[in-house]
Amino acid sequence: DVRINGQPASLDYRKLGNGDADVKLQATLDDASRARLGFDLGAGANGPVGVKLAGRIGNNERDSKIAIDADLTALKLDNLLPGWTKPSGKTSRATFNVVQKPQSTRLEDIVIDGGGASIKGTLELDQNGDLLNANFPTYSPSEGDKASLRAERANDGTIKVVMRGDVFDGRHFIKSAISGKDTDTKSKTKSIDFDIDLKLGAVAGFYGEAIRGVDLKMSRKNGAIRTFTLNGKLGRDTPLTGDLRRPAHGREVIFLETNDAGAFFRFTDTYAKMMGGQLQLAMEPPTVEQRAKEGLLNVRNFSIKGEAKLDEVAGLPANGGRSGVAFSRLRAEFTRNGGKLTIREGVVKGPTVGATMEGSIDYQANQVRMSGTFVPLYGLNNMF
């Protein structure tokens with residue numbers, strides 16, 4: 001029985017003569033233990049991990065090689081790797097071999113399975129624990145995924161990530177991105193510069209919606225998004241485009257545009273009952289600064305179908321009719337800060353009914369506080 005940096009463990013160490021040493025180690029590492037031992041996974045992982053270690057510690061002329069078997073069942077994962085999310089209690093296991101070289105540490109024969117995930121490959125870290133390269137020919141963080149992932153650090157320190165595949169379940173990633181969870185300020189994880197090149201046949205979202213033919217390129221330098229382009233197709237082959245725009249006066253914004261706003265809102269699990277609509281969405285990109293990010297939403301020529309109270313105000317029959325309630329425009333300003341979305345000056349205009357709205361959605365607390373006013377006969381009232 002030993003303690004390593006204060007962490008209790010069971011150790012068996014044998015060394016005969018001048019040869020290699022055989023070592024076996026067993027321990028349970030919680031968040032604090034991993035941080036003390038230099039394996040801080042930041043906000044992406046919470047909970048204890050049971051670890052079994054067995055292998056050979058070589059002398060200066062030979063590499064050390066150690067096999068690791070980790071029980072991830074009690075660990076809660078939130079996009080530790082892109083799209084890899086797992087609740088605590090779901091059976092999962094990771095095995096790999098650690099080869100210690102003079103200038104780097106290589107993790108070989110990585111196999112992560114359980115909980116619907118299947119990830120296989122290798123990665124290499126430098127002496128400071130920073131990523132040198134990674135190659136995952138099988139990268140399926142969710143059941144049904146068919147993708148591969150490669151990453152390599154360039155001479156300037158930028159991590160270049162290339163992802164290819166036929167199908168990828170994007171729901172976990174969408175949830176995490178929309179919740180706007182701030183980076184753990186207590187974590188010592190530094191801001192990483194990266195270039196992402198992603199091409200996928202289909203990314204699955206919520207309500208059975210998917211973006212097909214996804215082509216995404218994005219780069220981040222010094223904590224700020226420098227380039228962003230997105231192309232894909234939503235709903236019935238409706239184009240979805242996105243880019244980074246720099247207005248002559250004002251802050252940079254990520255601008256998204258599509259002619260099927262309803263499919264976009266369903267894909268992102270925002271709202272399920274909108275049909276059609278030309279969407280324009282502008283929002284400040286994420287930065288290292290922990291400040292509120294502004295945004296503006298515009299949707300034109302859409303309808304809401306299956307909203308009972310709205311049908312009642314609009315004077316439609318109980319079944320709401322086939323086409324629902326038509327609107328000519330929705331406009332709302334919003335602010336994102338610390339996982340909270342605040343909507344202000346929201347206005348919905350239509351020939352039969354209009355509305356105002358304001359309030360907030362707290363994704364982390366799972367709370368909605370919204371209020372507004374219906375305006376029947378909106379077109380007529382607006383004339384006066």
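Predicted model: local features only at pLDDT ≥ 70, side-chain atom pairs only at ≥ 80, totals over all residues.
Helices (H or I, at least four residues) and strands (E, at least two) are taken here as DSSP runs, numbered from the N terminus. Residues are numbered from 1 along each chain as its sequence is written, and side-chain values use heavy atoms, with hydrogens and water left out.

## The chain as a whole

Let us start with the overall picture. The secondary structure comes to 5 helices and 26 strands, and the C-alpha trace spans about 95 × 40 × 35 Å along its principal axes. Of the 384 residues, 38% count as buried; buried means under 20% relative accessible area, exposed over 50%, and partly exposed in between (1.4 Å probe, protein chains only). Contact means heavy atoms within 4.5 Å. Among contacts between residues at least 6 apart in sequence, 41% join residues at least 24 apart.

The accessible surface of the chain is about 21700 Å², and 52% of that belongs to carbon and sulfur atoms. These areas come from the Shrake-Rupley method with a 1.4 Å probe; for residues, only the protein chains shown count as cover.

## Ala27 and its surroundings

Ala27 counts as buried because its relative accessibility is 12%. Leaving aside neighbours within four places in sequence, Ala27 is in contact with Gln7, Pro8, Ala9, Val49, Gly50 and Val51. Tyr363 lies 336 residues from Ala27 along the chain, and the C-alpha atoms of the two are separated by 35 Å.

## A nonpolar patch

Leu11, Tyr13 and Ile57 make a nonpolar surface patch of about 270 Å². Patches are made of residues with over 30% relative accessible area and no salt bridge, like charges being joined within 9 Å and nonpolar side chains (Val, Leu, Ile, Met, Phe, Trp, Tyr) within 5 Å. Leu11 sits in strand S2 (residues 7-15) and is partly exposed, at 39% relative accessibility.

## Charges and salt bridges

The chain has 54 positive and 47 negative side chains, and the centres of the two sets lie 2 Å apart. Lys and Arg count as positive and Asp and Glu as negative, with His and the chain ends not counted; the place of a charge is taken as NZ of Lys, CZ of Arg, CG of Asp or CD of Glu.

The structure holds 23 salt bridges, each being a side-chain nitrogen of Lys or Arg within 4 Å of a carboxyl oxygen of Asp or Glu. Here are some of them:

| Pair | N to O distance |
|---|---|
| Asp69 and Arg93 | 2.6 Å |
| Arg266 and Glu209 | 3.0 Å |
| Lys309 and Glu312 | 3.9 Å |

What does the salt bridge between Asp69 and Arg93 tie together? Asp69 lies in strand S6 (residues 64-71) and Arg93 in strand S9 (residues 93-100), so the pair joins parts that are 24 residues apart in sequence. Asp69 is partly exposed at 24% relative accessible area, and Arg93 is partly exposed at 43%.

The salt bridge between Arg266 and Glu209 links distant parts of the chain: Arg266 is in helix H3 (residues 261-267) and Glu209 in the loop between strand S15 (194-204) and strand S16 (210-221), 57 residues apart. Arg266 is buried at 13%, and Glu209 is buried at 16%.

Lys309 and Glu312 both lie in helix H4 (residues 308-314), 3 residues apart, about one turn of the helix. Lys309 is exposed at 59% relative accessibility, and Glu312 is exposed at 57%.

Finally, a network of salt bridges links Arg164, Asp197, Asp215 and Lys217.
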